[in-house]
Amino acid sequence: MLVYDDVERIEDAAAIRASIAGMMAASVDRQPGRQRHETLVQAFIRTGELVQGLADREFGIKGADDVSEVQDAGAELLLGQARAILQSWRNGFVGELLLPEDWPDRLEYLDSAEPIRTKRAEGYAFYALYPESYMEAASISKLTSKTVVIGIRSIGTGLAALVSAALGAGPACSLRPTGHPFERRVQVTPALSRRILADPETDFAIVDEGPGLSGSSFGSVADWLQANGVAPGRLHFFPSHGGDPGPHSSELHRMRWKERPRHVVGFDDLILKARDPKHRLQTWAADTVGVAKPSWRDLSGGAWRALPHDDPSLWPPSYTQMEKRKFLMEADGQAWHVKFAGLCGADADKARRGALLSEAGFIPKIAGTCYGFIVEEWVSGASLDRVSMDRPRLVEHLGRYLGFRARHLPAPGGGASIHDLCHMAAFNIGEAATPETAEKLRRLIGSPNRFRGRLRRVDTDNRLHPWEWLLTADGRLIKTDALDHNAAHDLVGCQDIAWDVAGAGVEFELTGEERNRLAELVMREADCDLREDVLAAFEVCYLGFQTGLWSQARASVDGSEGKRIESHIKRYLDRLKAVGKAAGLRYLFADADLRAAKFQGESDG
């Protein structure tokens, strides 16, 4: 299924350096405290992206990783930043901040005459991966300062510097595995090989996020080290979790992964159960809203569903592996929702956009941010998947909400092109049904070129399912989870508001008349193009994406959760059939009927 996408940006190195310099200067000037630490971490993450982009550019020119003065300067700067982060963390965010005096010179050296391609670090953005976890893992690894530290690009560029700082080792190097995602290989020049392998009797730390479906990035570096004379007993892995590689890993990589040490400190041990209260999320969130000794409940991994629905049979489906960490905090008769929003300033950016939506009465009040988390007012109510609501009122509210977003919230980032959306939809439906169905969908959508000049990206919601809405006791309709899904770990991103109008039509099963009324309201508010051909194409694309997303989710679960997801997929396929019939293509969707019947049979079984 086509669901995920690595977010890449084409950027000017000078502009990135200016941003980093500003954050570094701010961290030096700030008073000791957590905010100073956060600013330093932001600068470190952005430096890692810059060094990664420069290294990948050189790799693209040479076809291999090589010794490089630019990369050496980047590795030294990252190590200096990592040492300052380690010092700040260990000192409870107080004391003088010790940065290399020549950091401006090292930063200035990170230059490129041509634009570079940088990649967003997924762990920092989506999965509550905190840089301090790698420092703590290195500190308890019992490795020495003689360890050779190798980071796997992209995110491993910076993570390796954190491991080096905690070990007292020298600057880390980075390697770029390439090839098929399940069969990665590394290409290393003789000069860099001699540097890395100068002492094959020392220990080697391989650092990256993951492992993922195959673990082949970790495996490819270990393969290369062993092929060049490093004993297997010298290999140490620094991953982001303690699990095994996924089902596409090779037997060799699975065996090595089980046999060699994996040094991991997870989010819970680092931030929820930290011995020092200054390192705990509970303390940060309580300070943000000005309360003491709050109660704390973990709502991650679908646990939030137990609040509105005691009976699990009433729960909506959840892609639990992809959910962000979230918690309920209560104190003094009040309650707050504390949810991970992303490091590197993503939390503050989302809070700013959320403030506009909150002031307009659409979402809960934003209380503040704390090191990657947003704290918002907790709103109680009945979710719309379990209560009936006056349909005209629902459509009117959806129209005001989507119209407000389209008019007042410009797109904070990019997203898939209409061509990519159409390709994704046809591919996913072809996988879920048959290749013949995919071809019929292409014919139904037609040429995306006809939309050229008619679409305008805005800050779309991308998550309009009924269970994401609450009807409060005083009759207000509140949208939850409204800030994350146009910047999620998927390919959709920010789209024309037609994406949300189509999504609302699907999720609330709007009639043609209701959807037309919704489109009319949004157009009146936002002066946008929501003609029938636009909405029809976006609805097919939306159905294709949701079918792919939930099919991926289905592959990761079983039992009652699997049945909930199967029922959800069937609903999308049924809607797809209805779209075909409405377009006069009744005879074209017989295979969608067969696939929907298959899901129903699996669910009944």
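Reply: Two strands count as a pair if DSSP finds at least two bridges between them. Keep that cut-off in mind for the sheet below. The model is predicted.

Start with E13 and E14. Three bridges join these two strands. The cut-off is at least two, so E13 and E14 pair. They run antiparallel. Strands of a sheet pair through backbone hydrogen bonds, either parallel or antiparallel.

Now the whole sheet. It is open and has three strands, in the order E12-E13-E14. The pairing is antiparallel. Which strands stand at the edges? They are E12, residues 382-383, and E14, residues 477-479. Each has a single partner strand, so one side of each is left without a neighbour in the sheet. In the order of the sheet, E13 sits between E12 and E14.

Two of its residues deserve a stop. One is Arg454, which is found in this loop. Is Arg454 buried or exposed? Its relative accessibility is 19%, so Arg454 counts as buried. The cut-off is under 20%. Leave aside its neighbours within four places in sequence. Arg454 is then in contact with Asp496, Asp529, Arg531, Asp533 and Val534.

Most residues other than glycine have a negative phi, and most peptide bonds are trans. At 10% relative accessibility, Asn462 counts as buried.

Helix H19 spans residues 532-554. Its partner here is helix H18, residues 512-526. The two axes come within 12 Å and cross at roughly 115°. H18 and H19 are therefore roughly perpendicular to each other. Their crossing is right-handed. Which residues make the contact? From H18 come Arg515, Asn516 and Ala519. They meet Glu532, Leu535, Ala536 and Glu539 in H19. By class, this contact has three nonpolar, one polar and three charged residues.

Back to backbone geometry. Tyr371 is another residue other than glycine with a positive phi, here near 40°. Where does Tyr371 lie? It is found in the loop between strand E10, residues 366-370, and strand E11, residues 373-377. Its relative accessibility is 2%, so Tyr371 counts as buried.

One peptide bond also belongs here. The bond from Gly210 to Pro211 is cis, with omega near 10°. Pro211 has its place in the loop between strand E5, residues 204-207, and helix H9, residues 216-227.

Take its contact with H3 to begin with. H2 covers residues 34-62, and H3 covers residues 69-90. Their axes come within 10 Å and cross at roughly 160°. That makes H2 roughly antiparallel to H3. The crossing of H2 and H3 is left-handed. The H2 residues in the contact include Leu40, Phe44, Val51 and Leu54. Among the H3 residues they meet are Val70, Leu77, Ile85 and Trp89. The residues of this contact divide into 14 nonpolar, seven polar and one charged.

H2 also meets helix H7, residues 156-167. The axes of H2 and H7 come within 8 Å and cross at roughly 120°. That makes H2 oblique to H7. Phe44, Gly48, Val51 and Gln52 in H2 meet Thr157, Gly158, Ala161 and Leu162 in H7. The H2–H7 contact divides into four nonpolar, four polar and no charged residues. Phe44, Gly48 and Val51 also take part in the contact of H2 with H3.

Finish near the start of the chain. Asp12 lies in the loop between strand E1, residues 8-11, and helix H1, residues 13-29. Its relative accessible area is 43%, so Asp12 is partly exposed. Asp12 and Ile565 are 553 residues apart along the chain. Their C-alpha atoms are separated by 43 Å.

Definitions and conventions
Residues numbered from 1 in each chain as written. Predicted model: local features only at pLDDT ≥ 70, side-chain atom pairs only at ≥ 80, totals over all residues. Heavy atoms only, no water. Axes fitted to C-alpha atoms, helices over the stretch in contact; angles between N-to-C directions. Helix = DSSP H or I, 4+ residues; strand = E, 2+ residues; numbered from the N terminus. Parallel < 35°, antiparallel > 145°, perpendicular 65-115°, else oblique. Left-handed = near helix turned anticlockwise from the far one by under 90°. Contact = heavy atoms within 4.5 Å. Nonpolar A, V, L, I, M, F, W, Y, C, P; charged D, E, K, R; others polar. Buried < 20%, exposed > 50% of the residue type's maximum accessible area, 1.4 Å probe, protein only.
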